[in-house]
Amino acid sequence: MTAGSQVTADVQESAPAAMSGMGAFYWSVRRELWENRWIYIGQLGVGGVFLLGFVFNLSRWLTKLHGLSENDPAKYWNAVAEPFNIGAGLMMGTLILMSLFYSADALYGERRDRSIFFWKSLPVSDWTTVLAKASIPLVVLPLLAFAVTVAIHVVLLLLSCVVLPANGISLSILWKQLSIFQMWGLILYHLFTAHALWPFPVFCWLLLVSGWARRAPLLWAALPPAVIGALEKLIFGTNRFVTVVGTRVVGGGAPTDMTSGEMFPTGPMTHLTPLRYLAAPGLWIGLAIAAVCLVAAVRMRRYRDPV
Amino acid sequence: MACIEARGLRKQFGSTVALDGLDLRVEEGRILGLIGPNGAGKTTALNAILGLIPYQGELRVLGRDPWKERERLMVDVSYIADVAVLPRWIRVSDLLDYVAGVHPRFDRVKAEGFLEKTSIQTGSKVRELSKGMVAQLHLAIVMAIDARLLVLDEPTLGLDILYRKQFYDSLLNDYFDRSRTIVVTTHQVEEVQNVLTDLMFIDRGRIVLSCSMEEFEVRYLEVMVRPEQLAAARALKPMYERQAIGRSVLLFDHGDRQKLAAFGDVRTPSIADLFVAVLGNHSGAIKGVAV
């Protein structure tokens, strides 16, 4: 090596440090999206199937709207918003499943196909890789679910604009009953608080097991909770642990809002309680568990052999 | 500064000793062949050098501790750890984008130039390529990285002879420039004989032979001896003797070329023959070697 290239090497010393920050993280997330095309194809597919189902069941919705009076506003809202809520609910369910399956495969896939040898030959740290993978269920998937939900709602609105007047129902009920932008705001809030941050420890646990298991990471991940649950049942006769974990997974029990009797947290009476949510010990205990799992997952990626 | 310097490098997996106090020094600008039977510790040594596994003992690669400074080291070191480790789901163009995005020393134009000489389309996915093409693609990426050390662990395993030959040809013609260092392990020893500048045999976690190729050519001589002269030739103490088409071939370490010429044509042995001679004498553990 000549003296000249030594100088260049030293000048470049600081560049890689900066690159391994944002650049590497950005490209690591891109990589996840290339590798896991099913996460958006799947969501779009579910959205498409829902819309098809809606079209075939259109007459049921119209009959329901016909028989309504404005005397019972809550019932009225439920009826008008029904397809919008079911669409959003379906995307939430899809999101839960995808987050679980994604997380359980995240660090396992690259070990199974041995591509980890290639990824590790590049100057991308284990931290960057693991955080990029964790950001998929925490940020990317909820955003995708939100985008698909909005797309579903837009199509529903467009369809309604054609179908409702044609069946003698005034379009005004839509505008009066459905404050769509507020609804979207509520959905976005709900997705992130109840379906991303709240179950985040579960996703991080799956991530950790996916970096450890030699096969079937989802089964291995389910084993310890099942054993703890069984022991609890045997010793104390209760089901607390399984209940807590189960409700976490489906985003239940998070003190994100108070609804007045509506099934979906998207109604006009929904009252958000972000402060109560942020002050909930459950949130912080969960995030602490998530942090421990992430640290362990990074170590796993460093030490563990490919499958 | 030596490119790689190891002293007393040890690594144990359970009760199996993979590296047993390995000492090794590789200067910059060399092409080192690390040859050994299966399970000799080649891959373990390379993994330690690449910071992929923790180890005991002293190890510096380009002046850095590979385990503690792995990410930084990967800017200057590139490697092909096996054949076909490129992710199968990725599109070639996406792969180039990714490496260009994360690697400060990657020259995308150069990589595309290498790919143009092959039949690889940038729109293809890796899974659509043949095994040989995947190796070409990986090599194109690695050669477009301006690294100071390139490590190749069985880079051509399972490829047909055309791809293997091409692989080493492009490595020598388009990449090696006497300032870079290349470390390669392979079982196809004959193919690298003319490529290497240095040779190391490793067995049971130790270096059992280490020499430059110039030294190799001066030091080791092989001569085919007629049966009637065998006793006289044996008196010169060959290090190894084998049979070939009814004649005995004797391999000498530090043999006297003039004296040996009396028995027949004196020539440089192949690395494979020396390997069998050294390892055969050393341990008899040559079962796993495919040459």
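Among contacts in chain A between residues at least 6 apart in sequence, what percentage join residues at least 24 apart? The share is 80%, where two residues are in contact if their C-beta atoms, placed from the backbone, lie within 7 Å. This is a predicted model, in which local features need pLDDT of at least 70, side-chain atom pairs count only at pLDDT 80 or more, and totals for chains, interfaces and linings use all residues. Residues are numbered from 1 along each chain as its sequence is written, while chains are lettered from A and ligands numbered from 1 in the order in which they are written.

**Chain A**

- Chain A has 14 helices and 2 strands; helices (H or I, at least four residues) and strands (E, at least two) are DSSP runs numbered from the N terminus.
- Taken along the principal axes, the C-alpha atoms of chain A fill a box of roughly 85 × 60 × 35 Å.
- Of the 307 residues in chain A, 37% are buried, a residue being buried if 20 or more other C-beta atoms, placed from the backbone, lie within 10 Å of its own.

**Helix packing in chain A**

- Helix 4 (residues 58–66) and helix 5 (residues 73–112) of chain A pack at an angle of about 160°, with their axes 9 Å apart; the axes are lines fitted to C-alpha atoms over the stretch in contact, and angles run from 0 to 180 degrees between N-to-C directions.
- These two helices of chain A are therefore roughly antiparallel to each other, a term for angles over 145 degrees.
- A:Trp61, A:Lys64 and A:Leu65 of helix 4 meet A:Ala79, A:Val80, A:Glu82 and A:Pro83 of helix 5.
- The residues of this contact divide into 5 nonpolar, no polar and 2 charged; Ala, Val, Leu, Ile, Met, Phe, Trp, Tyr, Cys and Pro count as nonpolar, Asp, Glu, Lys and Arg as charged, and the others, Gly among them, as polar.

**Chain B**

- Chain B has 11 helices and 13 strands.
- The C-alpha trace of chain B spans about 65 × 45 × 35 Å along its principal axes.
- Buried residues make up 44% of the 291 residues of chain B.
- Of the contacts in chain B with a separation of 6 or more, 69% are between residues 24 or more positions apart.

Methods:
A residue is buried if 20 or more other C-beta atoms lie within 10 Å of its own, exposed if 12 or fewer, and partly exposed in between; C-beta atoms are placed from the backbone. Angles under 35 degrees count as roughly parallel, over 145 as roughly antiparallel, 65 to 115 as roughly perpendicular and the rest as oblique.
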